[in-house]
Amino acid sequence: MAIESVGVIGCGIMGSGIAQVCAGHGYRVCVYEEEDQRLEAGMNSIKSRLRREVARKRLSKEHQDRTLNRIQTTTDLTKLGEADLVIEAIVEDLPVKRELFEKLGKICSPHAILASNTSSLSLSEMAAASTRPEKVIGIHFFNPPTVLPLVEIISSEVTDQETLDKTMSFCDSIDRETVRVKDSPGFIVNRLLVPFIFDAIRMVESNIATAEDVDQACKVGLNHAMGPLATADLIGLDVLIQISESMFEEYGEARFKAPTLLRRLVSLGQLGRKTGSGFFDNYK
Ligand SMILES: NC(=O)c1ccc[n+]([C@@H]2O[C@H](COP(=O)([O-])OP(=O)(O)OC[C@H]3O[C@@H](n4cnc5c(N)ncnc54)[C@H](O)[C@@H]3O)[C@@H](O)[C@H]2O)c1
């Protein structure tokens, strides 16, 4: 069966962007959150991104309206039972994701593909919890999903060929650039990126250089579009710690251990852009 409808679980930074991308490419999308308030916040961010695109004349008003009309929201998980593909983008916490996959295995129709947007957690564990491991796959979007076209496609040892083929075709249909990687903590990008960001934080922590200078050095010297500390603020400092924990646990290497300064900022509620400050301030 072809993929026609998509369920998205979690409507935060990633879920809202993923829902927008799928609806913008013609898919019917149903977004689930546990609370109405969260759904409203996520939908507001979708609306304001679309409005901005219309104001900049990059998108027609009709396209905006069609995109919004294709998105339904719900706090009833069983509504996702009709979806051909479900993509979860909830908190990066393995027991919570496992519990969700167990429910999805019962709720979703047998042909449905169950995908995780996890940044670093074991896809195989989620697959096992679902009781249909061959239909579980990783579709790892990048932040912000409405801008960055890369998707890492993660397969476990038991993901079947049909699931992989359908997922690759789906990603083509939403204009994504795909790379394939086996289930392993951090996959390709985060395995490289996290130690890089952590070294940048350690430099700031030990007063070797300011956050501004570390980022400027990477932008001008390495031709990066964004420095590592601004990237950390974009990802969310809490999410960065969550991502690193499973890599540290698996690889046991100190380079994957979250620096103290990062933990302090998170304790203070300075989570980066989403709270208005992190390594840099004044985010709107
Ligand atoms: N932030 C990034 O840069 C980034 C990039 C790629 C992948 N990811 C991954 O995407 C996932 C989501 O990250 P995010 O940055 O969007 O986080 P976020 O905190 O912005 O959003 C998570 C959303 O999930 C909801 N949620 C939590 N538990 C839930 C549950 N049991 N059922 C339904 N909804 C639930 C929360 O209410 C929240 O709205 C994580 O697995 C993360 O590792 C994040």
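This note goes through a predicted model point by point, from its sheet and domains to single residues and salt bridges.

1. Basis of the model. Because this is a predicted model, local features need pLDDT of at least 70 and side-chain atom pairs count only at pLDDT 80 or more, whereas totals for chains, interfaces and linings use all residues. Residues are numbered from 1 along each chain as its sequence is written, and side-chain values use heavy atoms, with hydrogens and water left out.

2. The sheet. Eight strands are reported here as an open sheet of 8 strands with mixed pairing, in the order β3-β2-β1-β4-β5-β6-β7-β8; strands (E, at least two residues) and helices (H or I, at least four) are DSSP runs numbered from the N terminus, and two strands pair if DSSP finds at least two bridges between them. The edges are held by β3 (71-74) and β8 (177-182), each of which has a single partner strand, so one side of each is left without a neighbour in the sheet. From one strand to the next the twist averages 25°, with axes being lines fitted to C-alpha atoms, for helices over the stretch in contact, and angles running from 0 to 180 degrees between N-to-C directions.

3. Strand β1 and helix α4. Strand β1 (residues 5-9) pairs with strand β2 (residues 28-32) in the parallel sense over 5 bridges, and Ile9 stands opposite Tyr32 in β2. Helix α4 (residues 94-107) packs on the sheet, where it touches β1, β4 (85-88), β5 (113-116) and β6 (136-141), and its direction makes about 170° with that of β5; contact means heavy atoms within 4.5 Å.

4. Domains. The chain is divided into domain 1 (5-182) and domain 2 (189-275), with bounds that come from an automatic or database domain assignment, and the centres, taken over C-alpha atoms, are separated by 26 Å. To the contact, domain 1 contributes 12 residues and domain 2 contributes 9 residues. About 790 Å² is buried between the two, with carbon and sulfur atoms giving 60% of that area; buried area is the accessible area (1.4 Å probe) that two parts lose on being put together, summed over both. Glu92, Ser120 and Asn143 supply 43% of what domain 1 buries against domain 2, more than any other three residues.

5. Salt bridges. A salt bridge is a side-chain nitrogen of Lys or Arg within 4 Å of a carboxyl oxygen of Asp or Glu; the whole structure has 15, while the count between domain 1 and domain 2 is 0. Lys97 and Glu92 form one, with their closest N and O atoms 3.7 Å apart, and both residues are buried, where buried means under 20% relative accessible area, exposed over 50%, and partly exposed in between (1.4 Å probe, protein chains only). Glu162, in helix α6 (residues 161-173), and Lys135, in the loop between α5 (123-130) and β6, are 27 residues apart and form a salt bridge at 3.9 Å between the closest N and O atoms. Lys135 and Glu162 are linked with Asp160 and Lys166 in a network of salt bridges.

6. Two further residues. Met1, in the segment before β1, counts as exposed at 64% relative accessibility, and leaving aside neighbours within four places in sequence, Met1 is in contact with Asp84, His111 and Lys166. Thr231, in helix α9 (residues 228-235), is buried with a relative accessible area of 14%.
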